[in-house]
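The sequence and the model are shown below.

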Amino acid sequence: SNALCSADWMALTADFAEVANAGAGIQQNCHFRNRWFNFTGNVPGWQAFVIAGSPPTGQAVDKIKHIREARRNRNFDISQCVFDATNAASFVVRSILQLRSAARACTDPRNCAIDIMDVISSFGWISRFLSMAASDCVKRGNQKALCSADISNLVAALSNGPASGMATISDCGSPLLPLNEIMHEPTA
């Protein structure tokens, strides 16, 4: 159907974007020679910077702004931690469904290849979300976990891209072959 064909092309486009995103992330997060800073750690309350009874100075105001920003960033990290864990769990379910679909589809080599690449990409995204959680759920972040997340994202996108491209053959062709779609769609 046109919807399946559009979904395949959107997935393929998204995979190219994920490859670009992962490449930029690897460039930024996988250099361990440089010192890595994260300003979302433990920050004392604003009272530590202001002498009792004195008006706030420009420097004290800047420190207070920094503390508020650090707290807001930490709250954002906690939210990301929850989303990372939720996404990892959803991709575990997705990979189970894809494994079931792959077991049925391996009578046809093309559908089998699509399913195998989809399973590999799902495990890559599970790794990515768990790595992101390892960075987002701690107070000071974790550069090695961010690097791992970027590499996992690259592996997932590079395995999902060819699967999406191969799926366009059956989903965008004429006449449509519903059996092919059933064989490489995990929810069918």
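Helices here are DSSP runs of H or I with at least four residues, numbered from the N terminus. The model is a predicted one. The protein chain holds five helices and zero strands, and from the N terminus its elements follow the order α-α-α-α-α.

**Overall fold**
- Of the 188 residues in the protein chain, 37% are counted as buried.
- Among contacts in the protein chain with a separation of 6 or more, 80% are made by residues 24 or more positions apart.
- The protein chain has an accessible surface of about 11,100 Å², and carbon and sulfur atoms account for 65% of that surface.

**Helix H4**
- H4 covers residues 143–171, a run of 29 residues.
- From first to last C-alpha, H4 reaches 41 Å, which is close to the 42 Å expected at 1.5 Å a residue.
- The N-terminal end of H4 is capped by Asn142, with a side-chain oxygen 3.1 Å from the backbone nitrogen of Lys144.

**Nonpolar surface patch**
- Ile116, Ile120, Ile151 and Val155 make a nonpolar surface patch of about 320 Å².
- At least two residues of the nonpolar patch come from each of helix H3 (109–136) and H4.
- An α-helix has 3.6 residues a turn, so residues three or four places apart point the same way.

**Ile151**
- Ile151 is located in helix H4 and is one of the residues that make the nonpolar patch.
- The relative accessible area of Ile151 is 42%, so Ile151 counts as partly exposed, a class that lies between buried, under 20%, and exposed, over 50%.

Notes. Residues are numbered from 1 along each chain as its sequence is written. This is a predicted model: local features need pLDDT of at least 70, side-chain atom pairs count only at pLDDT 80 or more; totals for chains, interfaces and linings use all residues. Side-chain values use heavy atoms; hydrogens and water are left out. The expected span of a helix is 1.5 Å times one less than its number of residues. A polar contact is a pair of N or O atoms within 3.5 Å; within protein, one must be able to donate a hydrogen and the other to accept it, and residues adjacent in sequence count only if both atoms are side-chain atoms. Patches are made of residues with over 30% relative accessible area and no salt bridge: like charges are joined within 9 Å, nonpolar side chains (Val, Leu, Ile, Met, Phe, Trp, Tyr) within 5 Å. Accessible areas come from the Shrake-Rupley method with a 1.4 Å probe; for residues, only the protein chains shown count as cover. A salt bridge is a side-chain nitrogen of Lys or Arg within 4 Å of a carboxyl oxygen of Asp or Glu. Buried means under 20% relative accessible area, exposed over 50%, partly exposed in between (1.4 Å probe, protein chains only). Contact means heavy atoms within 4.5 Å.
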